[in-house]
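Keep the viewer open as you read.

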Amino acid sequence: MDSLSIYAARASGLHKLNPVTKFSLTLFLLVLGLALPGMWTSYLILVLIIVPLAIWGKVLDRLTRIVLTISWPFILSVFIIQTLFWGKGTTLFEFGPFAPKLEGAIFAFTSSGRILLIMADFILFSLATRPDTLMISLKQAGLYPGMAYIIVTTLQLVPQFAAKANAILNAQRARGLETQGNILVRARALLPLVMPLVIGSLMEVEERAIAIEARAFNSKHKETSLIEIPDSQVQRIVRIGMIVAALLAIVIRILWR
Amino acid sequence: MLDNIKKEFSTRTLVLIPIAIAINIAIGQLVYTLKLPIYLDSIGTVLVGALVGPWAGAVTGGLANLLWGVVPPPLQNAYAVPFFYVAIVIGLMAGFFGKRGVFEKESPRWLSVVIGAVFFFALALFILAFVNIDTSAGFPVYPSMKDLVAQYLVVFVLAAVIGAAIGYYLLQNGGYTGLAGLATGLVAAVISAPTSAKLFGGVTGGGTDLIVAAFRADGGSLWASVLAQGSVSDPFDKMLSFMVVWFILRSLPARFKAR
């Protein structure tokens, strides 16, 4: 499990929460960050909600490192493109042919806040939740078992897939496929990489279907689990409250304009 | 209708969907890192739509984009999350096209040539019209088609010839599939533009940023540039995705498709 997920085992209250509660919280913060207007909203949610949660879960250092590693290319391009190519606006300063615009910088700042929030939100969830407990608790919360199976299998399958894609890449390179160079060279490399990956994995469908049916996947009986997942009345109420608040935020956002 | 939905979600479908989502994410992320100006993140969605049906396709698309935000980095791509509704529509459309037999019928090759040529001609017209907008009057004035064709005759002829060649060699007998992909791409471009402009200003950190930047540099407004980028990338992207699925379906054993 270790190599397949970024789950960080810690003894913390955040880790002990029911996974469904954390999942609702993740979606709630996502909706809040996207629905509320204003350039500071995302940053406020980051500082006032996500950072304290991460400290509570003892994962703040890892969260910061991962978010910074994957977000800087986006933030860099958003600032370059929005400030330099904004069109009409207040010029900040002139530098040769470039004239960065204030409005563009504000827009880039807002977009960066949004993307930072979405990333931190989802990564905090993955850091504090064991993928297998999510599936069990989703089923216990009454989610259609097929849907729970899809969600959890996907989370486990994607890293394996990336590894397989990498193996195919290396194999095709060893046969002389060029994967670097101009856009035409790169585009031509795509099909010999994509086809083996897709067809190889489709061949697994049969085996997997037989495997889960042999384990009584379609059984109508309620199954029991080896892992005990704690839940409480308070968490149940908070979950419902967050879902209602998220829906309200969407409605307000639509009516606002 | 409820029976139809139920029939689509057999055990095999449930097993197929995570694999399709993984295909979406793995290839989508590969293209994202190659910095190509397309996405190719809906091959799995189109595949499920074609093999199973619209509802399974919609579930695949929607969940793929939502889960893309939760998978472990470096594959994690939170940017895809707000576009889940576009992916749902793509899955639905692929499914309905699949039901109509678009992925099975072979088209004559001349039809593929015509489709390719017309598509590239339209693409050239679109880009040139956008690049030649006259903003000196204070509001955008689009150049007339007659002036454009007269001015850039060589470009148009070249575009049509390249399009025809692509139609002949890439689309081959899959003209109908290519056309379905084009239609899906146009819809995707239109419905994704508001989110793209509003949330991200059209900038995703991927290869499509260059197109947005080019349109912006040419004086296009934020909205127009994002829509223009979508209209250039999406039809091409979805046509390619549909064609990849067309080829995949041709390489799969009949035993697999029968179920």
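## Fold of chain A

First off, this is a predicted model. Chain A is built from helices: there are 11 of them, with 0 strands. Walk along the sequence and you get the pattern α-α-α-α-α-α-α-α-α-α-α.

As for contacts, take those in chain A between residues at least 6 apart in sequence: 73% of them join residues at least 24 apart.

## Dimensions and burial

How does the radius of gyration of chain A sit against a compact globule of 257 residues? The globule would come out near 18 Å, but chain A has 23 Å. Along the principal axes, the C-alpha trace of chain A spans about 70 × 60 × 35 Å.

Burial is a simple number to keep in mind: 33% of the 257 residues in chain A are buried.

## The largest nonpolar core

The largest nonpolar core holds 142 residues, and the members touching the most others are Leu124(A), Ala26(B), Leu67(B) and Val245(B). Helix α2 of chain B (residues 11-34) supplies the largest share of this core, with 15 residues. On the chain A side, the core takes at least three residues from each of domain 1 (1-129 + 233-257) and domain 2 (131-226).

Conventions. Residues are numbered from 1 along each chain as its sequence is written. Chains are lettered from A and ligands numbered from 1 in the order in which they are written. This is a predicted model: local features need pLDDT of at least 70, side-chain atom pairs count only at pLDDT 80 or more; totals for chains, interfaces and linings use all residues. Helices (H or I, at least four residues) and strands (E, at least two) are DSSP runs, numbered from the N terminus. The radius of gyration is taken over C-alpha atoms; the globule rule is 2.2 Å times the number of residues to the power 0.38. A residue is buried if 20 or more other C-beta atoms lie within 10 Å of its own, exposed if 12 or fewer, and partly exposed in between; C-beta atoms are placed from the backbone. Two residues are in contact if their C-beta atoms, placed from the backbone, lie within 7 Å. A nonpolar core is a set of buried Ala, Val, Leu, Ile, Met, Phe, Trp, Tyr and Cys residues joined through C-beta atoms within 7 Å. Domain bounds come from an automatic or database domain assignment.
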